[in-house]
Amino acid sequence: MTHSGAGSSQEERGPSRSRVNVLRWQIGYGTFGVPQAAAPIAFALLALPLTGSAESGAALVFAMTAAQIIGSVPITRMGQRFGSVGYLRTLIAFRTLGLLAVTILAAVSAPFVYLMIAVVVAGLVNGAAYGYMRTLLNHLVAPAGMPRALGIAATLNEVAFATSPVLASLLGAWSPVAAMAVVTVLGSGPMLLIPNIPEARSAPVAAAGSGRRTPVPGAVWIWLFASGATGASIAGIEVGAVSFALSFGLSPAWAFLFALAMCIGSVLGGVWVSIRNRMPGRWKVTSFFAFTTAAFALLLVDGHIALTLTGALIVGWFLPMLDTFYLLALDSLSPEERRAEMFALLRTTNALGIMATSGLLALLGLTAALVGALGLLVIATVLAGAYFTRGQRRRREVPVG
C-alpha cells in the first residue's frame with residue numbers, strides 16, 4: 001500500500017499528542033454511536049403511542065440511515081474549506097438539534113411525519129461527522145500507535161452498541177421521551193470531548209479549490225465493499241436476533257442472546273487488537289475474512305443453539321480486526337484531501353450492508369437474509385485474496401538491481 005500525502009501531515013502532528021487528548025477522542029468515538037445503537041428501540045417506543053405500531057420505529061431508523069447515505073459525501077466535501085475540529089463540532093451540534101427535535105415532538109405528541117423530518121435532519125450529517133472524527137485521530141496518534149488506538153476505540157464502540165439498547169429499553173419502560181433525551185445527550189458527547197487540534201486544518205487549498213479531485217486507488221473500493229459485507233453480517237445477527245430466538249422455540253425476549261454473543265466476541269477482539277498494536281499482514285487479513293465467512297455459515301446450519309451462538313461469537317471476534325484494517329488501509333491509500341470523504345464512505349457502505357440484510361429479512365425471511373449476507377462475505381473474501389495475491393506477484397516480477 002502506498003502512503004500518498006501522508007508524509008508531510010504526519011510530521012506536523014506534535015502538540016496535540018497527549019494521552020488525555022487521545023482518551024478524550026476515544027470516549028467521544030464511543031459516545032458517537034449511541035444514537036445509532038439505541039435508535040431501533042428508542043424510536044419504536046416513541047412511535048408506538050403516536051401510530052399504535054412499534055414497527056413505525058423501523059421507518060424512522062430507515063429514514064435516518066437513508067439520509068446518512070445521501071448526505072455523506074456532499075457534506076464531507078463541504079467541510080474541506082473549514083477547520084476540521086470546528087466543522088465536526090458543527091455537524092454534531094446539527095445532529096443533536098435533530099435528535100432534540102425528535103424528543104420534543106414526541107413529548108407533545110406531534111404528527112408522526114414531523115418526527116420523520118427530524119430524524120432525517122439528524123441522520124443527514126452522520127456519515128460526514130464520522131469521516132471527520134476518524135481523520136482527527138491522525139493528528140493525535142503516531143502511525144505506530146494507530147492499531148492500538150483504533151482497537152481501544154473499537155472496544156468502546158462495541159460497549160456502547162451493547163449497552164445503548166439496554167439503556168433505551170430500561171428508561172423507555174418508564175418514559176420513552178426520557179430515554180430519547182438521554183440518548184440525545186450522550187450522542188452530543190463528541191462535541192464536548194473532542195480536543196482542540198490547531199494542526200488539524202482543512203484540505204490543501206490547491207486540492208480543495210481546483211475542482212478536480214485526486215483519484216483514489218482501486219483497492220479503496222475493495223475495502224469499502226468489504227465493509228458493506230461485514231455490515232450485512234452484523235445485521236444478520238442483530239436484526240435477525242428475534243427470528244433466531246423464535247426458530248429455536250424461545251420467546252422473543254431471548255433475542256438478546258445472539259446479539260450479546262457477537263458483542264462479547266467484538267469486545268474481546270478489540271482488546272486483542274489493542275494488545276497486538278500491529279497492522280495485520282496480507283494473509284492474516286485474508287484469513288480474517290475466511291474465518292468470518294466460515295463462522296457466519298454456521299448460522300445457516302440447522303443445529304443446536306450453541307452452534308449458532310458460537311458462530312455469532314466468532315464473527316464478533318473478527319469484526320474489530322477487520323474494521324481496524326479498513327481504517328488503516330483507507331488512511332494509507334486515500335489522498336490526504338479525500339481522507340475524510342473515504343472514511344465517511346466507509347460508514348456509508350457499512351450502513352448499506354445493514355440496510356440490504358434488513359430488507360431481505362423483512363421481505364423474504366431470515367434464511368434469505370443470511371444467505372445474502374454470506375454471499376457478500378464470500379465475495380469480499382475472494383476479492384481480498386485476489387488483491388493480495390496479485391500484489392505479491394507484482395513484487396516478485398520487479399527486477400532486482
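A search of the whole structure finds 4 salt bridges, a salt bridge being a side-chain nitrogen of Lys or Arg within 4 Å of a carboxyl oxygen of Asp or Glu. The model is predicted, so local features need pLDDT of at least 70 and side-chain atom pairs count only at pLDDT 80 or more, while totals for chains, interfaces and linings use all residues. Residues are numbered from 1 along each chain as its sequence is written, and side-chain values use heavy atoms, with hydrogens and water left out.

In one of these salt bridges the side chains of Arg77 and Glu341 meet at 2.9 Å, N to O. Arg77 lies in helix α4 (residues 56-78) and Glu341 in helix α17, so the pair ties together parts that are 264 residues apart in sequence; helices here are DSSP runs of H or I with at least four residues, strands are runs of E with at least two, and both are numbered from the N terminus. Arg77 is partly exposed, at 29% relative accessible area, whereas Glu341 is buried at 2%, where buried means under 20%, exposed over 50% and partly exposed in between, with a 1.4 Å probe and protein chains only.

Asp331 takes part in a salt bridge with Arg134, the closest N and O atoms being 3.5 Å apart. That pair links distant parts of the chain, with Arg134 in helix α7 (residues 126-136) and Asp331 in helix α16, 197 residues apart. Asp331 also meets the side chain of Arg339 in a salt bridge of 3.2 Å, N to O. Arg134 is buried at 0% relative accessible area, as are Asp331 at 10% and Arg339 at 3%. Salt bridges that share partners join Arg77, Arg338 and Glu341 into one network.

Ser334 is found in the loop between α16 (305-333) and α17 (339-364). Ser334 is buried, at 0% relative accessibility, and its side chain reaches the backbone oxygen of Leu330 at 2.7 Å.

Turning to the aromatic residues, rings of Phe, Tyr and Trp (its six-membered ring) pair if their centres lie within 6.5 Å, with planes under 30 degrees apart counted as stacked, over 60 as edge-to-face and the rest as tilted. By this rule the count comes to 17 aromatic pairs. Trp25 and Tyr29 form a stacked pair, 5.0 Å centre to centre with 25° between the planes. Both residues lie in helix α2 (residues 19-32), 4 residues apart, about one turn of the helix. Trp25 is buried at 0% relative accessibility, and Tyr29 is buried at 10%. Elsewhere, ring pairs link Trp223, Phe289, Phe325, Tyr326, Tyr387 and Phe388 into a cluster.

Key
A polar contact is a pair of N or O atoms within 3.5 Å; within protein, one must be able to donate a hydrogen and the other to accept it, and residues adjacent in sequence count only if both atoms are side-chain atoms.
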